[in-house]
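Subject: Structure handover and notes

Hello,

Here is the structure you asked about, followed by my notes on it. Please read them with the model open.

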Amino acid sequence: MKKKRLPLILGALISVALIVSIFVVYNYKNKPVSNASDEHEQQAAEPTKKDSPAKEEPKKTADNPVNPEQKPDENGYIPNQTLPTEPTYIKGILLANKIYPLPSTFVPGEDPEARQALNKMIDAAKQQGFDLVAFSGYRSFEYQTTLYNNYAKRDGQAAADRYSARPGYSEHQTGLAFDIGEKGKDDLWLTEEFGETPAGQWLFTHAQEYGFILRFPQNKEDITGYMYESWHYRYVGVDIAKDIKKQNITLEEYLAVK
């Protein structure tokens, strides 16, 4: 009896093994494919995103005519520079100097906010016994052309470039700059001596309280491009003016530009 049952048991075990094998193979072939390989291929196809953005190169366009590779000439200007089609703003501040010119078509007129601040400053000075006056303010591109050409013809271009801006490079075209003097003392207008007068000293000490800075201070010609002008004040707003005054720096230094 035992000998007869053994083949039957072995046959049953073999049958079970075959059934299990078929079941395993069937499930393996029909198992859903993982998305891991697809994700790997997608990551390989797409560039890896960096945590910090790459540093942008300076844009060399008509609206940004400054080429970092160009060097200013002996008068502080970039040779053969083309005037831009848009004015330059840095940190929200309109900039006009020998490196960053204005468009010839930029005609903002006198800035109302700057004029209002100027009037307040003049009134405050009058209460202290100083009768200040802004004898020059906004200048158009055309007017600056005439003015500069006359200076260059009289004193030579090199000398004129130290105290007068070429057309398109003048702060007066922004409508934010004023040449200030004292009434009745016209002989001191446009002179360094004005800065030594009580009126000039009051202006230098208190201008930042009304949003103005002395634009071309002493011993900064290598930075501003212009000789000391005790009469030339530029409106930048009270907070910025106070910061510049406190640090005893120029607008170029504040904006970190040349």
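The notes below go from the whole chain to single helices, residues and pairs.

**Overall**

Please keep in mind that this is a predicted model. The protein has nine helices and six strands. Of its 258 residues, 40% are buried. Among contacts with a separation of 6 or more, 64% are between residues 24 or more positions apart. The whole structure contains 11 salt bridges, and some of them are described at the end.

**Helix H4**

Helix H4 covers residues 141-155. Its 15 residues should span 21 Å at 1.5 Å a residue, and the C-alpha atoms at its ends are 21 Å apart, so the two agree. The buried residues of H4 are Phe141, Gln144, Leu147, Tyr148 and Ala152. These residues lie on the same side of H4, because the arc they cover around the axis is only 130 degrees. Helix H5 (157-163) is included in what covers them. On the face turned away from the buried side, H4 carries the exposed residues Glu142, Lys153 and Arg154. Just after H4 comes Gly156, with a positive phi of about 95 degrees.

Arg154 has a relative accessibility of 57%. Arg154 forms a salt bridge with Asp155, where the closest N and O atoms are 2.9 Å apart. Asp155 is partly exposed, with a relative accessible area of 35%.

**Lys98**

Lys98 sits in the loop between strand S2 (93-95) and helix H3 (112-127). The side chain of Lys98 does reach two backbone oxygens: that of Asn75 at 2.8 Å and that of Asp161 at 2.8 Å. Leaving aside neighbours within four places in sequence, the residues in contact with Lys98 include Tyr77, Ile78, Gln81, Tyr169 and Tyr226.

His172 is in the loop between H5 and strand S4 (177-182). At 3% relative accessibility, His172 counts as buried. The side chain of His172 reaches the backbone oxygen of Gly137 at 2.7 Å. His172 and Tyr138 are 34 residues apart along the chain, yet their C-alpha atoms are separated by 5.0 Å. Not counting residues up to four places away in sequence, His172 touches residues including Ser136, Arg139, Phe178 and His232.

His232 lies in strand S6 (residues 232-235) and is buried, with a relative accessible area of 4%. Which side chain makes a polar contact with that of His232? The partner is the side chain of Asp179, at 3.4 Å.

Most residues other than glycine have a negative phi. Asn80 is not a glycine, but its phi is positive, at about 55 degrees. Asn80 is placed in the loop between helix H2 (36-45) and strand S1 (88-90) and is exposed, with a relative accessible area of 78%. Ala256 also has a positive phi, near 60 degrees. Ala256 is in the segment after helix H9 (251-255) and is exposed, with a relative accessible area of 68%.

Side chains of opposite charge can pair when their charged atoms come close. Glu221 forms a salt bridge with Arg162, with the closest N and O atoms 2.8 Å apart. Glu221 belongs to helix H7 (residues 221-224) and Arg162 to helix H5, so this pair ties together parts that are 59 residues apart in sequence. Glu221 is partly exposed at 28% relative accessibility, and Arg162 is partly exposed at 39%.

Glu252 and Arg215 form a salt bridge through their side chains, at 2.7 Å from N to O. This pair also links distant parts of the chain: Glu252 is in helix H9 and Arg215 in the loop between strand S5 (212-214) and H7, 37 residues apart. Both residues, Glu252 and Arg215, are buried. Salt bridges with shared partners join Glu171, Arg215, Arg234 and Glu252 into one network.

Regards

Definitions and conventions:
Residues are numbered from 1 along each chain as its sequence is written. This is a predicted model: local features need pLDDT of at least 70, side-chain atom pairs count only at pLDDT 80 or more; totals for chains, interfaces and linings use all residues. Side-chain values use heavy atoms; hydrogens and water are left out. Helices (H or I, at least four residues) and strands (E, at least two) are DSSP runs, numbered from the N terminus. The expected span of a helix is 1.5 Å times one less than its number of residues. Buried means under 20% relative accessible area, exposed over 50%, partly exposed in between (1.4 Å probe, protein chains only). The arc is that of the directions from the helix axis to the C-beta atoms. Contact means heavy atoms within 4.5 Å. A polar contact is a pair of N or O atoms within 3.5 Å; within protein, one must be able to donate a hydrogen and the other to accept it, and residues adjacent in sequence count only if both atoms are side-chain atoms. A salt bridge is a side-chain nitrogen of Lys or Arg within 4 Å of a carboxyl oxygen of Asp or Glu.
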